[in-house]
Amino acid sequence: MSLQITCPHCGRRPIEEYVYGEVPMVPEEITDPDEWDIDRAFMMHNTEGVQREAWFHLYGCRRWVYLHRDTATNQIEKIE
Amino acid sequence: MNEFQEKKVKLKWYEPKKTYDVIIIGGGGHGLSTAYYLASRHNITNVAVLERKYIGGGNSGRNTTVIRANYGIPEAVRFYQQSVDLYKTLEDETERWIMHKQKGILWMAHSEAAVRQETARAKVNRAFGAKTDFVTPKEIKEICPQIDLSGGGVWPVMGATYHHEGATARHDRVNWALAEGANKRGVHIHQRTAVIDLIKKGDRVVGVQTTSGPMYANVVMSAVGGHVTGLAKMAGLRLPIRTHPLQAYVTNHYELKFNPIVASTSLLFYVSQTARGEMLLGAEIDRQPSYSYRSGHHLIQNCSFRAITLLPFLRKLRILRQWTGVCDMSPDYSPIMGKTGVDGFLITTGWGTWGFKAIPAGGKNMAELIATCKTPDMIAPFSIDRFANDRTKADRGSAGTH
């Protein structure tokens with residue numbers, strides 16, 4: 001993991017200040033409501049590549065930061 | 001078996017064939033073990049094991065080699081106890097010295113809540129065949145004299161469970177023993193052969209497209225660790241798996257004998273001594289999902305700090321090496337084994353941080369499933385449809401540290 005995330009509010013801070021959160025997304029092709037629930041509860045994209053994810057700046061501004069991170073290399077491509 | 005009876009591992013490399021009865025994707029412990037039990041127990045030898053890099057180079061070569069059965073739920077205790085028993089006879093069976101050594105595991109309790117939890121663990125273990133007892137601080141001191149029972153004044157040891165059959169083995173040797181055992185019965189092992197795609201005929205998986213061309217089989221089994229989500233996607237499956245890095249490290253040589261394996265759920269670490277005398281420490285997975293093998297200073301610092309509160313002698317040692325593996329974590333901390341709902345495609349995954357100890361039992365039961373087409377009772381609770389059926393197997397004793 002690159003050791004720092006630039007928070008839009010606080011600036012560069014070490015990764016330990018943040019808590020990882022996932023942005024769960026059910027694929028559009030799943031239309032059956034039961035299957036949708038199962039997918040929402042358990043199934044993961046587990047992307048190997050760039051994914052959009054949320055980090056909560058717990059020991060900082062206590063706001064959510066959205067990152068585009070490459071899970072294969074841990075490079076942060078973009079911060080929202 | 002011992003080091004004086006050693007012979008070179010004999011592996012024969014074959015040219016890839018067009019068709020096999022069974023193709024196993026992933027030449028780690030679980031893949032090789034399934035091939036081994038298919039060949040040795042069921043006489044199915046027309047089997048290929050495909051490995052992207054080299055055998056036992058993934059998590060099978062990166063784990064902390066603990067073998068135990070002190071789990072928290074009946075199904076798991078039963079399953080891992082079978083594995084513990086199979087490990088004991090693996091040396092004689094394969095005629096290879098895997099450096100299996102029974103050490104016993106101490107699982108610390110630092111609070112009244114933890115004492116209750118550990119008492120419950122001992123009772124569940126006893127009821128389902130694993131030998132675990134609750135021990136008092138005095139007994140702990142006898143088993144492991146190095147422990148500071150005051151826990152640095154902050155984490156007092158109020159008791160522990162002692163799992164008598166806890167053991168360690170050399171992970172590479174386990175892989176090689178299984179590979180050789182399967183290989184000499186005719187199983188093909190193809191290293192540096194990556195699977196690019198699954199070949200489907202209608203809804204059925206009939207083969208794999210590899211870097212050395214297509215191969216066809218009646219059954220394709222995935223024993224992939226970490227990168228399993230991508231493979232399952234080729235079969236049209238979505239998995240409840242998230243890939244997290246897990247780090248571990250070893251110190252330099254500790255002169256004295258440190259017999260048991262010590263773990264603490266509250267302090268989030270476990271420690272054992274390797275055959276070379278190095279102290280091997282591990283802790284929890286990295287919180288963020290990632291496929292990166294990068295290790296970090298963060299873990300060494302935190303884990304060492306916690307370990308020293310319980311084992312003060314560690315502060316005099318120096319850290320030699322650190323490494324990382326990528327673990328396929330399931331949401332309920334139990335493995336996922338068996339049929340997938342896609343014809344011709346079986347899966348064994350979700351081995352997270354507890355895969356090494358399950359290598360013989362996982363392989364044996366998957367081999368039985370392939371040979372008989374019937375899911376053995378031992379692994380039926382761990383099927384992938386447990387999530388849809390609301391039968392998840394949440395297991396607090398599954399990983400030592402989370």
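Select G129(B): this residue follows helix α3(B), and its phi is positive, near 100°. Helices (H or I, at least four residues) and strands (E, at least two) are DSSP runs, numbered from the N terminus. The model is predicted: local features need pLDDT of at least 70, side-chain atom pairs count only at pLDDT 80 or more, and totals for chains, interfaces and linings use all residues. Residues are numbered from 1 along each chain as its sequence is written, while chains are lettered from A and ligands numbered from 1 in the order in which they are written.

**Helix α3(B)**

Step back to residues 112-127 of chain B.

Now pick E118(B), R121(B), A122(B) and N125(B), the buried residues of α3(B). Buried means 20 or more other C-beta atoms within 10 Å of a residue's own; exposed means 12 or fewer, partly exposed is in between, and C-beta atoms are placed from the backbone. Look down the axis: the buried residues fall within an arc of 100°, so they line one face of the helix. The arc is that of the directions from the helix axis to the C-beta atoms.

What do they pack against? Show α2, β5 (105-109), β6 (132-135) and β7 (159-163) of chain B. Turn to the face away from the buried side for the exposed E112(B), A113(B), R116(B) and A127(B).

**Cores**

Go to V22(B), I23(B), I25(B) and V47(B). They touch the most other members of the largest nonpolar core, which has 116 residues. Such a core is a set of buried Ala, Val, Leu, Ile, Met, Phe, Trp, Tyr and Cys residues joined through C-beta atoms within 7 Å. Helix α2 (residues 74-94) of chain B gives this core its largest share, eight residues.

A second, separate core has five residues, including Y18(A), W55(A), V65(A) and L67(A).

**Chain A**

Color chain A by element. The order from the N terminus is β-β-β-α-β-β-β. Buried residues make up 14% of the 80.

Terms used:
Contact = placed C-beta atoms within 7 Å.
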